[in-house]
Amino acid sequence: MKKIVLSGALLAVLGAAVAAETVVAEWDFTKEQLTSGKYTMSVRGEAKFVVDTKTGKKVLSPCTQGKGHGKGCGLSLKGNPQKDILPMDGFEVQARIRYVDPANGRIKGSNMYIFDGAYASKNGAALLMHITGRGEFMLRVVYGDGSKLYNIPVMAAALGDGEWHDVALKYFDDQITLKLDGKEIKSIQPAKPLTDSTVRFSIGDRVAASYQPFPGLIEYIKVIKL
């Protein structure tokens with residue numbers, strides 16, 4: 001077996017790369033956690049912690065319906081809008097989710113927010129689960145560069161199997177990467193760099209809205225600065 005020797009300079013570079021990753025916030029809903037560092041989420045509408053029938057763990061149920069009922073759902077960041085929670089010079093948002101069909105039949109034509117930091121603005125970023133009019137499952141990446149809001153759909157059939165899945169949206173070095181269960185499923189090269197969010201960060205629903213919540217379960221949300 002060949003022995004690989006890394007130079008001191010290379011080790012220093014690798015060490016710096018690892019050190020550059022900082023957990024901005026991590027909400028573990030198996031512990032009913034609403035506060036992470038300086039960030040506290042408030043409960044909206046019918047959002048609550050429930051026991052998942054598959055794992056026996058406590059998890060977040062943002063909403064039991066996938067379309068609007070006028071109540072609002074999910075969690076919303078307390079206080080003033082915080083652009084530093086989603087740093088547009090480099091971030092990754094990770095989540096573990098399970099779609100639970102609320103109507104014993106797919107909710108066709110629905111957009112369901114996993115997290116949102118872009119609502120009604122031309123900046124920030126958001127990640128949705130989308131079910132097409134034909135019943136196909138997709139992930140939808142939303143991002144803004146200050147002049148326009150972009151919406152990129154990506155096929156993600158696995159999300160319809162009722163099992164737990166890991167999703168991650170990363171923005172680094174002017175490139176967006178979308179992962180499902182640890183595998184890259186889409187790479188996006190924005191024409192211009194993303195700009196800082198000007199709206200309050202939310203989980204499981206759209207900021208300041210009540211008509212596109214995620215009717216599944218969320219185990220955790222982690223935001224990392226890169």
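Start at Ile203: leaving aside residues up to four places away in sequence, Ile203 touches Trp27, Phe29, Met41, Leu60, Gly74, Leu75, Ile114, Phe115, Ile218 and Ile221, where contact means heavy atoms within 4.5 Å. All of this comes from a predicted model, in which local features need pLDDT of at least 70 and side-chain atom pairs count only at pLDDT 80 or more, while totals for chains, interfaces and linings use all residues. Side-chain values use heavy atoms, with hydrogens and water left out, and residues are numbered from 1 along each chain as its sequence is written.

The largest nonpolar core has 46 residues, and Ile203 is listed with Trp27, Leu86, Leu127, Phe201 and Ile221 as having the most contacts inside it. Apart from that core lies another, of five residues, including Tyr113, Ala118, Ala126 and Leu128. A nonpolar core here is a set of buried Ala, Val, Leu, Ile, Met, Phe, Trp, Tyr and Cys residues joined through side-chain atoms within 4.5 Å; buried means under 20% relative accessible area, with a 1.4 Å probe and protein chains only. In soluble globular proteins, nonpolar side chains tend to be buried together.

Now for the strands, which are DSSP runs (E, at least two residues) numbered from the N terminus; two of them pair if DSSP finds at least two bridges between them. An open sheet of eight strands has the order E2-E3-E6-E15-E8-E9-E10-E11, with antiparallel pairing. Strand E2 (35-36) and strand E11 (149-155) sit at the edges with a single partner strand each, so one side of each has no neighbour in the sheet.

Ala126 stands opposite Val142 in E10, and Val142 in turn has Asn151 as its bridge partner in E11. E10 and E11 run antiparallel too, joined by seven bridges. Their hairpin has four residues between the strands, and Gly146 takes a positive phi near 95° there.

Val51 faces Lys58 in E5. Six residues lie between E4 and E5, and Gly56 in the turn has a positive phi of about 75°.

How far to trust the coordinates? The chain's mean pLDDT (the predictor's confidence in each residue, from 0 to 100) is 88, and 85% of its residues reach 70 or more. Over residues 1-6, though, pLDDT stays under 50, and the model has two contacts beyond four places in sequence for them. Residues 10-19 also stay under 50. Where pLDDT is low, the predicted coordinates should not be read in detail.

Key
Buried < 20%, exposed > 50% of the residue type's maximum accessible area, 1.4 Å probe, protein only.
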